[in-house]
Every structure is written in structure tokens, then in C-alpha cells.
Amino acid sequence: MPAKGVKTISTEELASIINDRNKLFIDVRTPAEYKGRHIPQAKNMPLGTDFSHLPKNQEIFVICQSGMRSAQACKQLKKLGYNNITNIRGGMNAWRG
């Protein structure tokens with residue numbers, strides 16, 4: 001279940017906004033998974049990373065492999081007081097970019 005107050009988008013919707021420099025994209029997979037294949041605009045911040053230094057004034061989009069870890073990361077971000085968070089449904093499994 002997505003965390004309350006967290007938006008969810010598909011990878012198709014992500015493709016239409018991926019080059020927006022005003023948005024922050026984070027990939028919460030392991031460095032090895034990230035190295036294997038990733039979205040160039042996404043910064044690798046594995047689950048368990050301290051997210052508290054991320055800017056609160058930017059929209060944050062979170063991706064993982066399938067959508068499970070990114071949902072957990074979104075919950076952590078909510079607890080830290082972030083309000084503009086979006087989980088990417090299906091993760092890299094669904095990404096065709």
C-alpha cells in the first residue's frame with residue numbers, strides 16, 4: 001500500500017517528466033543494481049540512506065526495481081516531513097526508457 005499523501009505514477013508518466021531539472025529523481029536500489037541499469041537522471045541513494053539532507057522544496061520521485069523499496073523510502077521521507085513525494089509504480093522492471 002502506498003503511504004498516505006504519496007502520489008504514484010507509471011513509468012510512462014515518468015518518461016514525460018524525466019528531463020525536468022526542477023524535479024529530483026532517486027533510485028533506492030543497491031549500488032550493484034544501479035550500476036547494472038539505471039535512469040541517468042536518477043541519483044543512487046540505497047534504501048537505508050539518510051534522506052534528511054534532500055531538499056524539501058523539490059518534488060522527489062522515487063524508483064527501485066519493482067516499487068516495493070521505493071514505497072518504503074516514500075514512507076521514510078513522509079516521516080521526515082517531506083510532502084511532495086511520488087513513487088514510481090513498477091520500478092525499473094516497468095521502465096522502457
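Which residues is Ile60 in contact with, leaving aside its neighbours within four places in sequence?

**Entry 1: the model.** I worked on a predicted model, in which local features need pLDDT of at least 70, side-chain atom pairs count only at pLDDT 80 or more, and totals for chains, interfaces and linings use all residues. Residues are numbered from 1 along each chain as its sequence is written, and side-chain values use heavy atoms, with hydrogens and water left out.

**Entry 2: Ile60.** I looked up its contacts (heavy atoms within 4.5 Å). With those neighbours set aside, Ile60 touches Leu24, Ile26, Leu54, Pro55, Leu77, Tyr82, Asn84, Ile85 and Thr86.

**Entry 3: cores.** I took a nonpolar core as a set of buried Ala, Val, Leu, Ile, Met, Phe, Trp, Tyr and Cys residues joined through side-chain atoms within 4.5 Å. Buried means under 20% relative accessible area, exposed over 50% and partly exposed in between (1.4 Å probe, protein chains only). The largest such core has 15 residues, and Ile60 is among those with the most contacts inside it, as are Ile26 and Leu77. Helices (H or I, at least four residues) and strands (E, at least two) are DSSP runs, numbered from the N terminus. Two or more residues each come from β2 (23-27), β4 (59-63) and α3 (68-79); α3 gives the most, with 3. I also noted a second, separate core of 11 residues, including Phe61 and Ile88.

**Entry 4: α3.** I found Ser70, Ala71, Ala73, Cys74 and Leu77 buried in α3. Seen down the helix axis, the buried residues fall within an arc of 160 degrees (directions from the axis to the C-beta atoms), so they line one face of α3. Their cover includes β2, β4 and β5 (85-88). The face turned away carries the exposed Met68 and Lys79.
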